[in-house]
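Visitor: I have a structure to look through and some quick questions. Can we go through it together?
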Amino acid sequence: MQAAQTAGAAMFLPRSIEADHKDLIHDVSFDFHGHRMATCSSDQSIKVWDKSESGDWHCTASWKTHSGSVWHVTWAHPEFGQVLASCSVDRTAAVWEEVVGESNDKLRGQSHWVKRTTLLDSRTSATDVKFAPKHMGLMLATCSGDGIVRIYEAPDVMNLRQWSLQHEISCKLSCSCISWNLSISPAHYPMTAVGSNDSSRKAMTMFQIFEYNENTKKYSKAEILMTVTDPVHDIAFAPNLGRSFHILAIATKDVRIFKLKPVRKELTSSGGPTKLEIHMVAQFANHNSQVWRVSWNITGTVLASAGDDGCVRLWKANYMHNWKCTGILNCKGSQVNGSSQLGNSNTSLSTNNPNLQNSLHGSSAGRKHN
């Protein structure tokens, strides 16, 4: 496994880590500060890593978590403590908390991870799990192959044994990944995007957006993208530090970046979900393979993508709002040089193309799901 820090625009300081998982690693997740890391694997375990002052990563905890492959692991905001959530092919999601052993424990003074709850509602493989932005409270979304997104809430953040199922969102397609809109603006209602890898003929699109409605107290479908017809492996809203619009990245057979601009409420019918003007602002096939992960930096200005070509690629928009590749890190931990590799063949799409804009609007109407 490789961990990399960026210094400057495209300078990498790679460090090799002997992960010691006994099977495929499916997910790597950093905490809010970037000083802790969690990994999960088909060996049914989660490992937690801490970064030393010298920059080395050390495994500080490892334990069996599920009775099948663990697809995803994610951190809660540190405001709620050291909390992890995981999901698995065993149809469950679990919440874990790091605690310090009390005086009468064998682990006196030592920290260890304990399971606080197991969420059993999914009828098939639980394929993704994400904590909501902290301003929404301690909430957790899961999705699964049964086509349902479930949103849970811990009413008492001091008691993580109790979680209540607040919402069930039917997507009518098997779900592969979810992402929360990270905007903290009061003008933006809670929103979640859902990707699918459904291979059935009924799958007309692989991507949907749901928004919370204050009037009905439920989530309703806001938009679908009819042009996204290939299996979606990962999606990620960019952190929003004051933009009036949202930016969303999709990992499918290539990398796609979308701009979602809410239409003013007075121009839409009252009471319904916010209408969105959706434009694809960039599409990159540079991986020449399936893209499995997309992830933003904390300011939402740099996107990282990872694909079957064994490379991590960084994407950034210039002052003209054209997205370009600014760096490549291969699986050996070394930087790939050469301007031909850095996006000269990328397809950047103008948001002023009306035909493209119209084609992106839909009507609002690697895993086996066991």
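Visitor: Where is aspartate 128?
Guide: This is a predicted model. In it, aspartate 128 lies in strand β11, which covers residues 126-131.

Visitor: Is aspartate 128 buried or exposed?
Guide: Aspartate 128 is buried, because its relative accessibility is 0% and the cut-off for buried is under 20%.

Visitor: What does its side chain make a polar contact with?
Guide: The side chain of aspartate 128 has a polar contact with the side chain of lysine 130, at 3.0 Å.

Visitor: And which residues is aspartate 128 in contact with, leaving aside neighbours within four places in sequence?
Guide: They are His72, Cys87, Ala141, Thr142, Cys143, Ser176, Cys177 and Ile178.

Visitor: New topic. What is the strand order in the open sheet of four strands?
Guide: The order is β23-β24-β25-β26, with antiparallel pairing. Strands β23 and β26 (323-330) are at the edges with a single partner strand each, so one side of each has no neighbour in the sheet. From one strand to the next, the twist averages 20°.

Visitor: How many bridges are there between β23 and β24?
Guide: Five bridges pair β23 (residues 291-296) with β24 (residues 302-307). Valine 291 is opposite glycine 307 of β24.

Visitor: What do β23 and β24 form?
Guide: They form a hairpin, with five residues between the two strands. Glycine 300, in the turn, has a positive phi of about 70°.

Visitor: What about β24 and β25, how many bridges join them?
Guide: Five bridges join β24 to β25 (residues 311-317), and the two run antiparallel. Leucine 303 has tryptophan 315 in β25 as its bridge partner.

Conventions: Residues are numbered from 1 along each chain as its sequence is written. This is a predicted model: local features need pLDDT of at least 70, side-chain atom pairs count only at pLDDT 80 or more; totals for chains, interfaces and linings use all residues. Side-chain values use heavy atoms; hydrogens and water are left out. Two strands pair if DSSP finds at least two bridges between them. Buried means under 20% relative accessible area, exposed over 50%, partly exposed in between (1.4 Å probe, protein chains only). A polar contact is a pair of N or O atoms within 3.5 Å; within protein, one must be able to donate a hydrogen and the other to accept it, and residues adjacent in sequence count only if both atoms are side-chain atoms. Contact means heavy atoms within 4.5 Å. Axes are lines fitted to C-alpha atoms, for helices over the stretch in contact, and angles run from 0 to 180 degrees between N-to-C directions.
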